[in-house]
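I opened my notebook on this one to see how its parts sit together. Here is what I looked up, entry by entry.

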Amino acid sequence: MQQPSLKFIDTPYPSSHLGNLLAQFRAKGYVVLPNVFKRESVDNFRQEVESAIVKTQDGRFELPDNRPELVYPLKAPRIRDPLSRALSPSQMAPKISVFETAWLISESGKNLGGWHKDRQHEGMPGREYHYPLAVHLGIYYRDIESIEDGPTAIIPRSHQDQNLNPYNGSEQELFLARKEDVIMWDQRLWHQANSRQKEGWRIFTIYGFYPIQAFQGYEIHKMPRALAQAWLDSEGTADEIFYGGTFSLDSVRRGLERIE
Ligand SMILES: O=C(O)CCC(=O)C(=O)O
C-alpha cells in the first residue's frame, strides 16, 4: 500500500502558545489546535481515504482497519504536547496512549445522532476543574465554516458545569476549524453531530487517548518477564486488561496477520 500523502507541521507550539491553547481547553472543554497538517496536503489525503471507504453488510460506511490512513494522522508532531498536558497538571507529564481510532463516515444529508455525553463528571461538578480521564481529537479534513459543513455542536463548559445542557437554553457552539486544524476535546461535553448539507462525504475521525503514569526514567514499555507471563496466562478479558492494558494478545496477533 502506498504511503498516505498527509504532511505535517514539524515545529512544536511555542510554550506560551501551548499554555493558551490548554487554558482554552480547560475553560470551554475544547480547543482548535491550529496548523497541525500542511494545508496543501489535506485534500489529497481526504481523497485517498474516500477511495478506500467500504460499505458494511449492515449498510454503514467504514475505513477498513488495515488501511494505513486509519492511524496516519497520529504521526502529527504537534498533537503530542497538548494531549499529554491536557490529561494532567503534573510536572512529570504522563505518557499518552491511543485507545480509540474511530472514523465516522456518512453520506451528505444523512441524519446523525442526537445530544449526548460520552463521559460523566468526576469530583464536585461546577465547583472546580477535574482533569479528564481521557481526551479526544476530532478531525474533519475540510474547512468547517458553518452548519452546512456538518460541524459537531457542543455546549461549552458543560464538561465542568452540570447545570449546562442542551435542554435549558444553554449557549451552543459549533466546532469550526480549517482543514489543517485538529480539535482537542473533552467528551464530558454535551455534543451532537450535524449532517453535512453540501456535496461529499462527512468524515469525522475520533482518536481517544489516556494517560500512562510513569516515574521519569522508568522503562514502562519493557514488561518484566513475570508480568508478561501473567498476561499470557490470563483467563478471560478482565485478566488480560489487568495485566496487559487495552489490547488483548489475540487482537495484536490478529491485527498483524491482517496487515501481512
Ligand atoms: O460526529 C460527530 O460530530 C460527533 C460524534 C459523536 O457524537 C461522538 O463522538 O460521540
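**Domains.** I began with the distance between the domain centres: taken over C-alpha atoms, the centres of domain 1 and domain 2 are 28 Å apart. The assignment I used puts domain 1 at 15-218 and domain 2 at 223-260. A reminder to myself: this is a predicted model.

**Helix pair H1 and H3.** Two packed helices are described by the angle between their axes and the distance between the axes, and I looked up both. H1 covers residues 15-28 and H3 covers residues 80-87; their axes come within 10 Å and cross at roughly 50°. The crossing of H1 past H3 is right-handed. Next I listed who meets whom: H1 brings Leu18, Leu21, Leu22 and Phe25, while H3 brings Asp81, Pro82, Arg85 and Ala86. Sorted by class, this contact has six nonpolar residues, two charged ones and no polar ones.

**Helix pair H4 and H5.** How are H4 and H5 oriented to each other? I found an angle of about 165° between H4 (residues 225-232) and H5 (residues 237-244), with the axes 8 Å apart. Angles over 145 degrees count as roughly antiparallel, and H4 and H5 are therefore roughly antiparallel to each other. Their crossing is left-handed. On the H4 side I wrote down Leu227, Ala230 and Trp231, and on the H5 side Glu240, Tyr243 and Gly244. By class, I have four nonpolar residues, one polar and one charged for the contact of H4 with H5.

**Ligand shell.** Which residues surround the ligand? My list reads Leu104, Leu112, Gly113, Asp118, Thr152, His191, Ala193, Phe204 and Ile206.

Definitions and conventions. Residues numbered from 1 in each chain as written. Predicted model: local features only at pLDDT ≥ 70, side-chain atom pairs only at ≥ 80, totals over all residues. Axes fitted to C-alpha atoms, helices over the stretch in contact; angles between N-to-C directions. Helix = DSSP H or I, 4+ residues; strand = E, 2+ residues; numbered from the N terminus. Left-handed = near helix turned anticlockwise from the far one by under 90°. Contact = placed C-beta atoms within 7 Å. Nonpolar A, V, L, I, M, F, W, Y, C, P; charged D, E, K, R; others polar. Near = placed C-beta within 6 Å. Domains from an automatic or database assignment. Parallel < 35°, antiparallel > 145°, perpendicular 65-115°, else oblique.
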